[in-house]
Amino acid sequence: MLIDTHAHLDQPEFDDDRQAVVERALAAGVEQILAVAIDADSAEASVALAAQHATIHAAVGIQPNYCGQAAPGDWDRVLALVDRPKVVAIGETGLDRHWDYTPFDVQQDYFARHLTLARQRDLPFIVHTRESEADVLAMLREARERGPLCGVMHSFVGDAEVAAECVELGLFISFAGMVTFKKSQTLRDVAATIPDDRILVETDCPYLAPHPLRGKRNEPANVVHTAQVLAEVRGVEFEEFAATTTANARRLFGF
Ligand code: NI
C-alpha cells in the first residue's frame with residue numbers, strides 16, 4: 001500500500017469524477033491521500049474532502065504563488081481550519097522565483113508565518129520551492145535556530161547537495177512524477193541518495209503525471225508509477241519501498 005502525500009484534490013480538474021478518482025486510488029493500493037491546499041478556498045475545500053472520505057487527510061495553507069492575491073482575512077480563514085479534524089499539516093508554503101504572481105518579500109512573509117504556525121501547533125509543514133532553493137534553505141536554517149524542524153520538501157527536483165542539507169535540517173524529501181521522466185536521470189540519482197527513513201512519494205496531481213501518462217491529468221492512483229521507478233533506482237522490491245514510504249508518511253503526518 002502507498003500514500004500519496006501531495007494531491008490537489010479540491011481543484012476543478014476533479015469536479016466531474018472526484019468520487020471515482022478516490023475509489024481508483026484505493027483500488028490501486030493508495031491507502032491514504034493528503035489533500036494539500038493552495039489558498040483559503042482550497043483549504044476549506046480540502047478539509048471538507050477529508051471529512052467526507054476515510055482515505056483523505058488535509059493540509060491547510062496558502063501556496064506562494066497565491067499569496068499575492070490573498071484577500072485580507074484569508075490567513076485568518078486558514079488559521080481557523082488548523083484545529084479541524086484530520087488536518088495534519090501546514091501548507092503548501094515556500095518560495096517561487098519562477099512565476100511572478102507574488103512579490104518575493106510577500107512570499108517570504110507568508111513562508112515565515114507558515115513555519116511559525118507549524119511550530120506553534122506541532123504540525124509538519126509542506127515546502128514548495130521553484131528556482132529559490134538558496135532562499136528557502138536560508139529561511140529553514142533560521143527557523144531551525146528556534147527548534148527542530150518537521151516537514152517535507154515536496155516535488156523535489158534539487159541536487160544531491162540540497163537534498164543532503166534538507167535531510168540534515170530534519171526534513172523529508174518527496175518525489176513526484178518528474179522523477180519518472182526520461183530526461184530525469186540526474187534526479188533519479190539524487191533519489192537514490194535519500195536515507196530510507198526520509199523519502200516520500202506524491203503525485204502533486206492534477207499536475208505532473210508520471211511516465212507513461214505524462215501530459216494527461218494526474219490522479220493519486222498514478223503514484224504507483226513513481227514508486228515503481230524509485231524502488232528500481234534504489235535497488236529494492238516495490239513492496240519494500242511502498243512499506244518504507246508509507247511508514248515515513250505515517251510518522252511525519254501522524255495518520
Ligand atoms: Ni502542490
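What arrangement do the four donor atoms make around the nickel ion? Here are a few notes on this predicted model, starting with that site.

1. **Nickel geometry.** The arrangement is irregular, because the angles subtended by the four donor atoms around the nickel ion run from 85 to 174°. For four donors to count as tetrahedral, all angles would have to lie between 85 and 135 degrees. Please keep in mind that water is not among the atoms, so the site may look incomplete.

2. **Who the donors are.** His6 and His8 each coordinate the nickel ion through NE2, Glu92 through OE and Asp204 through OD, at 2.1 to 2.5 Å. Along the chain, these donors follow the spacing H-x1-H-x83-E-x111-D. Histidine 6 belongs to strand E1 (residues 2-7), while aspartate 204 sits in the loop between strand E8 (199-201) and helix H9 (223-234), so this pair ties together parts that are 198 residues apart in sequence.

3. Are histidine 6 and aspartate 204 buried or exposed? Histidine 6 counts as buried because its relative accessibility is 0%. Aspartate 204 is buried too, with a relative accessible area of 9%.

4. **Asparagine 218.** The loop between E8 and H9 also holds asparagine 218, a buried residue with a relative accessible area of 0%. A polar atom of the asparagine 218 side chain lies 2.9 Å from the backbone oxygen of tyrosine 207. Leaving aside residues up to four places away in sequence, asparagine 218 touches several others, among them Phe14, Thr203, Cys205 and Leu208.

5. **Strand E3.** Now to the sheet. Strand E3 (residues 56-60) is mostly covered, with five of its five residues buried. In a regular strand, side chains alternate between the two faces of the sheet. For E3, both faces are covered: Ile56, Ala58 and Val60 are buried on one side, His57 and Ala59 on the other.

6. **E3 and E2.** Strand E2 (residues 30-36) runs parallel to E3, and four bridges join the two. Valine 36 stands opposite alanine 59 of E3.

7. **E3 and E4.** Which strand pairs with E3 over three bridges? That is strand E4 (residues 87-96), and the pairing is again parallel. Within E4, valine 87 is the bridge partner of alanine 58.

How values were computed:
Residues are numbered from 1 along each chain as its sequence is written. This is a predicted model: local features need pLDDT of at least 70, side-chain atom pairs count only at pLDDT 80 or more; totals for chains, interfaces and linings use all residues. Side-chain values use heavy atoms; hydrogens and water are left out. Buried means under 20% relative accessible area, exposed over 50%, partly exposed in between (1.4 Å probe, protein chains only). Two strands pair if DSSP finds at least two bridges between them. Donors are N, O and S atoms within 2.8 Å of the metal (3.2 Å for Na, K and Ca); water is not among the atoms, so sites may look incomplete. Four donors count as tetrahedral if all angles lie between 85 and 135 degrees; four count as square planar and six as octahedral if opposite donors are over 155 degrees apart and all others between 65 and 115; anything else is irregular. A polar contact is a pair of N or O atoms within 3.5 Å; within protein, one must be able to donate a hydrogen and the other to accept it, and residues adjacent in sequence count only if both atoms are side-chain atoms. Contact means heavy atoms within 4.5 Å.
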